[in-house]
Amino acid sequence: MSKKASPTIEKKDDIATSACGASSQAPVNANLAKPEKIELYRKMVRIRRFEERSLRAYLAKKIGGFLHLYIGQEAVAVGCCSLMGKDDHVITAYRDHGHAMAVGMDTKALMAELYGKITGCSKGKGGSMHYFAPSLNYWGGHGIVGGQIPLGTGLAYALKYKGLKGAAMAFMGDGAVNQGAVHEAYNLAALWNLPVIFVVENNGYSMGTSQERSSAGPGLAQRAEAYGMNWATCFGHDIYEVRATMDKFLKLAREESKPAVVEIDTYRYRGHSVADPDQTYRTRDEIEEYRRTKDPIQVFQQKLIEEGVLTDAIIEQIDTEAKAEADLAADFAEASPYPTPDDIQKDVYWESDNPDQRASKGRLFFD
Amino acid sequence: MAVLTYREAIRAALSEELTHDENVVLLGEEVANFHGAYKVSEGLLEKFGPKRIVDTPISEAGFVGMGVGASMLGIRPVMELMFWSFYSVAFDQILNNAANVRYMSGGLINCPIVIRGPANGGTNVGATHSHTPENVLANHPGIKVVVPATARDAKGLLKSAIRDNDPVMFLENTILYGEKGEVPDTEELIPLGVADVKRTGTDLTIVTYGRSVLHSLVAADILEKEHDVSVEIVDLRTIRPLDFDTVLASVKKTHRVLIVEEQKPFASVGSQLAYMIQREAFDELDGPIHRLATIDAPAIYSPPVETEQLPNPQRILKAALAAVA
Ligand SMILES: Cc1ncc(C[n+]2csc(CCOP(=O)(O)OP(=O)(O)O)c2C)c(N)n1
Ligand SMILES: [Mg+2]
């Protein structure tokens, strides 16, 4: 694979399934009812269609700043978040659209946020990198590489403090593992047995830098050994494998308050952000090879066809509906108003937003 | 009223708030078994146990960030920095996470965290351990900044800070830890954002905060006795929110202003105040606004010279005389 020392890709004629044949038999997958499997599939398709629609909007200059697409990685967020119970929490980095949809955020509010509209999930104040939904146990959406990892550890700390049997999943990229704050968080989690799973989504590159050019040592997850933490790697193109692996560690976290590092191999098809060049550090062939052999939607579709869960008609219907949903979200975003300059100083302090409950006095804002 | 040291007053505030709310927890380096690098938390481990009083590894970014994350889920962590000087390694967590997360979430999240510890020079520990970042912190909308000068203020303000739903940076002072002062026997919550006139006068307003309040009080006595200058001292107590009304009222009374701060002068709290005073009380001023800050260089080690680098009664006296000349 690209991220390893050799840049050549092992050619496979078929969609990759061999690496993960057993995972479909794991109880967490075997026990899924047909409609639940279809929902997992639908979620991945919805994310992809949403992001493709957002890319069109970006190219039409409806969206500012960066747009970090998750296309190619959908099985990771959908697989992990599909395992969430009521006391499980999620936090991630700036490539956050997939996780937001995986926890159930509304695509209208997500698209409107990209458009910078007041109807956006953060009222147009966060943008693409900063989606939040505390009511869905989703804590962002963070723009500083690795900066969210101590926060995720804090979510786990709070769960344990309150005696709740939940776990936090703190997602990061393969580049983030080299941030000091990540290692401080690893140590705290291991030292205090906090119920957090550090999920490294290894898509092979941090911007244009491959793993071999950025990370010393044999593997990213293996660094957990230094802290005496459990770790695993996982083939992230197969949602069954993602679920089987994560289920194990989530249970250990919830039941025994054990942290872990899980490195999930995945791949992004688009540039780091959509405006970034994409051929300076990898070849078109490499991208095409992943698309052809390891696309998470194709991999799962194939399996569900083989299982007799999906038919061509259902596949078609799901796709049509996902496209329609994305279009509807774009229409909603387009039609929504922008925030006004009066909104700029709202949502800065809890106290200024709740003046009737304010205890402090004096000026909170300056000019 | 009981007479407590500043240290004991802070400890009392912690103890009361730990009792008041089970979600309050004290975390930091050496706060539990060691009783705090400056003994602020002495006895708290014995009283509240290891779940509430927690020793952390030396990982400011990690544990401050962890506290911010926990506060998003309703814990009220009080994080002790052994010195505020170490905020630099946790700065990303403070400004990008504590200060920004409410805003970026469109108001869905709040972080009721307190980060506290000493921030001062004057103890001959050199440039790495003598930072006074109140201006840097206050530059970030979303966080609040408190700098108490007396035992009573330290206690009443810390209690309010812990109950506050926004992130509060609480800057103490190692030299003040041993200073004694009267503290009411009954519970007192001093609201953030209320300045305190520590001395009334008619000829000159000194606007100040933190340890410089004590120096200013000494200077004011000399000015009164030896120079017949009557000084009013406004102790801001809180930098953000800022009680500018009290500053204005004093300026309107004395018409002359000296700002004293243990801060580097460039883009300091005093710069902001000077701008605001000229903007809102220009016609009240009988002369230019004067300012006395730390001499603009990294903190010098040399003990006798460090005293001269910082505001001290003699430097304040000189600056005050210039301001009323
Ligand atoms: C502290 C910090 N340094 C640098 C950046 C700029 N930056 C944004 S994303 C990125 C690459 C991160 O790659 P990775 O962690 O692998 O995540 P991926 O983009 O692959 O999802 C960089 C260098 C940043 N946002 N924050
Ligand atoms: Mg990456």
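Where in chain A is A:G141 found?

Modeller: A:G141 sits in the loop between helix 5 (107-114) and helix 6 of chain A; helices (H or I, at least four residues) and strands (E, at least two) are DSSP runs numbered from the N terminus. This is a predicted model, in which local features need pLDDT of at least 70 and side-chain atom pairs count only at pLDDT 80 or more, while totals for chains, interfaces and linings use all residues. Residues are numbered from 1 along each chain as its sequence is written, chains are lettered from A and ligands numbered from 1 in the order in which they are written, and side-chain values use heavy atoms, with hydrogens and water left out.

The peptide bond that leads from A:G140 into A:G141 is cis, with omega near 25 degrees. Chain B also has a cis peptide bond, between B:R240 and B:P241, where omega is about 0 degrees. B:P241 lies in the loop between strand 12 (238-240) and helix 9 (244-254) of chain B.

The contact between the chains (heavy atoms within 4.5 Å) takes 50 residues from chain A and 61 residues from chain B. Together the two chains bury about 4,400 Å², with 64% of this on carbon and sulfur atoms; the figure is the accessible area (1.4 Å probe) that two parts lose on being put together, summed over both. Three salt bridges cross the interface, a salt bridge being a side-chain nitrogen of Lys or Arg within 4 Å of a carboxyl oxygen of Asp or Glu. A:E351 and B:K144 form a salt bridge through their side chains, at 2.7 Å from N to O. On the side of chain A that touches chain B, helix 6 (148-162), helix 7 (180-191) and helix 13 (350-353) each supply at least two residues. Helix 6 gives the most to that side, with ten residues. By class, that side of chain A divides into 25 nonpolar, twelve polar and 13 charged residues; Ala, Val, Leu, Ile, Met, Phe, Trp, Tyr, Cys and Pro count as nonpolar, Asp, Glu, Lys and Arg as charged, and the others, Gly among them, as polar.

Then the ligand. Ligand 1 has 15 residues around it, of which A:Y94, A:R95, A:G143, A:G175 and A:N203 come nearest; a residue is near if one of its heavy atoms lies within 4 Å. This shell is made up of six nonpolar, seven polar and two charged residues. A:D174 places a polar side-chain atom 2.9 Å from an oxygen atom of ligand 1. Backbone atoms take part as well: a polar one of A:A176 is 3.2 Å from an oxygen atom of ligand 1, and a polar one of A:Y205 is 3.0 Å from an oxygen atom of ligand 1. Taken alone, ligand 1 exposes 580 Å², and the protein buries 72% of that (Shrake-Rupley method, 1.4 Å probe).

One more loop has a backbone feature to record. B:K39 is not a glycine, yet has a positive phi of about 60 degrees. B:K39 is in the loop between strand 2 (24-28) and helix 2 (44-48) of chain B.

Terms used. A polar contact is a pair of N or O atoms within 3.5 Å; within protein, one must be able to donate a hydrogen and the other to accept it, and residues adjacent in sequence count only if both atoms are side-chain atoms.
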